[in-house]
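Please open the structure in a viewer and keep the selection panel at hand.

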Amino acid sequence: WRPQGILVLRYVTSDNEPLSGLAALTARALQEFDGFQSVGGRIVLEVPVNERFHTDLPGFVNLANVTIPAARQIKTAGVTPGVLVISEGNPPGDNYGAAFFAAILPQLRELKAMGAIWMPHGYSHPPQYSDDPWHSTRPSQILRLLPDYAKLPYIYGEDGCDGGTDQPAKRPGRGWRDYFQDRAQAYAIWYEAKRAAIAADPYCLGSTLFLCGHDPASVWGSFDIDDDVDLRRIFTEHVEGPSRI
């Protein structure tokens, strides 16, 4: 038996490497994950640039340019490229920052042709809804403003409740356990609107709630879903949706 789902791999870096070193960094990531091609299902490796170069237009264009050869490296290795990892609420600007993507239409066309998957993050936090369009569901708002040839399917590489989003009741570094006082059922109910939005969007292939099994030495304990029984249905309930791209 071989799994038929999607496995997303991320090579964690120090987040200060220059874009000029992306080719070498991508090669290192491929070396570390060598062999995952045979696991089964679709294996996605994120181009190793995490939540950077997405707040000013020239930087974003440069990111798109260097992403193309990195994505080719990943594709040649037999893995699906995961590209343009942006944080919730970015890029900035009117129309959900769609002007940033309008500036890279040729690059998006090429990425789509090689089967790349966009990997945005999609957090929100109370009192906003979990499907807040300016943060959590911004990817779908951006895609509807782009031509079809530039619309990449996407996966939320990180999702859930993050108090660092630029909204009222902001609590940087705090997750769902802080906002919902460890009440997993309340978190599950809050997240239902986002789950419905994902199910309704044919371009969204899935989402990853951050996180499970945090390092006790890290600061992410309030984000950890652990094995709360009331959250299991988010992962196990079958939700009908449109045919996926």
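The stops that follow concern backbone geometry. This is a predicted model, in which local features need pLDDT of at least 70, side-chain atom pairs count only at pLDDT 80 or more, and totals for chains, interfaces and linings use all residues. Residues are numbered from 1 along each chain as its sequence is written, and side-chain values use heavy atoms, with hydrogens and water left out.

As background, most residues other than glycine have a negative phi, and most peptide bonds are trans.

**Positive phi**

Select Glu51, in the loop between β2 (42-46) and α2 (57-76). Helices (H or I, at least four residues) and strands (E, at least two) are DSSP runs, numbered from the N terminus. Glu51 is not a glycine, yet its phi is positive, near 50 degrees. Glu51 counts as partly exposed because its relative accessibility is 30%; buried means under 20% relative accessible area, exposed over 50%, and partly exposed in between (1.4 Å probe, protein chains only).

Next, select Tyr96, which is found in the loop between β3 (80-83) and α3 (98-102). Its phi is also positive, about 65 degrees, in a residue that is not a glycine. With 13% relative accessibility, Tyr96 counts as buried.

**Cis peptide bonds**

Move on to Pro126 and Pro127, which are joined by a cis peptide bond with omega of about 10 degrees. Pro127 lies in the loop between β5 (121-124) and α5 (138-143).

Finally, select Phe210 and Leu211: a cis peptide bond joins them, with omega of about -5 degrees. The loop that holds Leu211 runs between β7 (204-209) and α8 (232-236).
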